[in-house]
Each structure stands twice: as structure tokens, then as C-alpha cells.
Amino acid sequence: MAEAIARLDAPDAIEASSAGLAPLGFVVGLTKQTLMRNGYGVEGLESKSISPEVWEQTDIVINMSGRPREQAFREYSKVEDWEIDDPFGGDPDIYQQVFEKIRLRVCRIDSKMQEGNRRGPKR
């Protein structure tokens, strides 16, 4: 969900790519339904692992695995933990709640990036 939300809500601030520590290999139907019901596209979304190449090119990794970054990642200096429950196995209301939490967090990142851009470079 986070990738689709960031693509639409923060395209100038975030170049989003989603990957997991234990990917299912497919995007869950309720994830797609929740995104579409809220006006977000699902094209190109896939369930995949974090590749070493992507890891090297990434500025920040958002961890929503439920495990602290120190336990989930060998090198975790660029990892930010978001305490957002995985909706897998839940009902549509749970998926909607998770969607709203992720959207709020993406909005905060976008606002922070936009504010930084308005201030200009540090001297």
C-alpha cells in the first residue's frame, strides 16, 4: 500500500519502491481493493524481496515488519520503524485503517520534504 500511496500523494518527494522481508509473491486482493476504493492505482505493484542493488540505492527504508530495525536488518542506519500492523488476514475495515495510517505517514514525509525544499540548501 505504501508504494501506491507515495506514488500518488508524494511523487515529488518520494521515489517509492516496495519490498518485504518475507514477501508472499503476490499482492493480496484486499490490498488492491482498498487502494482502488480510495482512488489509488495498483498497476505495477508486486510482492518482492529487498535486493542488494535496491538497498544500496535507497536513501531510507521504512520498516513496517513489526520487528525492530535492529532485529530485522543487518545494516539499519537508514531504516525508520513505522509501527503499523500488517493487515494480512484481516477484514476490509482493518485494511482501511492501515491504509489511513500509511497515508498519514506519507503525508508527513511529503510535508517535511516540501518544507526543506522551501528553506533551500543549508549553508
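These notebook entries record what I looked up on salt bridges and aromatic pairs in a predicted model.

**Entry 1. Conventions.** I number residues from 1 along each chain as its sequence is written, and I use heavy atoms for side-chain values, leaving out hydrogens and water. As the model is predicted, I require pLDDT of at least 70 for local features and pLDDT 80 or more for side-chain atom pairs, while totals for chains, interfaces and linings use all residues.

**Entry 2. Salt bridges.** I looked for a side-chain nitrogen of Lys or Arg within 4 Å of a carboxyl oxygen of Asp or Glu.

I find both residues in helix H1 (residues 2-9), 4 residues apart, about one turn of the helix. Helices (H or I, at least four residues) and strands (E, at least two) are taken as DSSP runs, numbered from the N terminus. I checked accessibility with a 1.4 Å probe on protein chains only: buried is under 20% relative accessible area, exposed is over 50%, and partly exposed is in between. Glu3 is buried because its relative accessibility is 8%, whereas Arg7, at 36%, is partly exposed.

I next noted Arg69 and Glu70, whose side chains form a salt bridge at 3.5 Å, N to O. Arg69 is partly exposed at 26%, and Glu70 is partly exposed at 43%.

For Glu80 and Arg105 I recorded a salt bridge with 3.6 Å between the closest N and O atoms. Glu80 belongs to strand S2 (residues 79-81) and Arg105 to helix H5 (residues 92-119), so this pair ties together parts that are 25 residues apart in sequence. I list Glu80 as partly exposed at 30% and Arg105 as partly exposed at 23%.

**Entry 3. Aromatic pairs.** I paired rings of Phe, Tyr and Trp (its six-membered ring) with centres within 6.5 Å, calling planes under 30 degrees apart stacked, over 60 edge-to-face and the rest tilted. The count comes to 2 aromatic pairs.

Tyr40 and Phe99 are edge-to-face, at 5.3 Å centre to centre and 70 degrees between the planes. This pair links distant parts of the chain, 59 residues apart: Tyr40 is in the loop between helix H2 (29-37) and helix H3 (52-57), and Phe99 is in helix H5. I find Tyr40 buried at 5% and Phe99 buried at 2%.

Trp55 and Phe73 are stacked, because their ring centres are 5.6 Å apart and their planes stand at 20 degrees. Trp55 lies in helix H3 and Phe73 in the loop between helix H4 (69-72) and S2, 18 residues apart. I list Trp55 as buried at 14% and Phe73 as buried at 9%.
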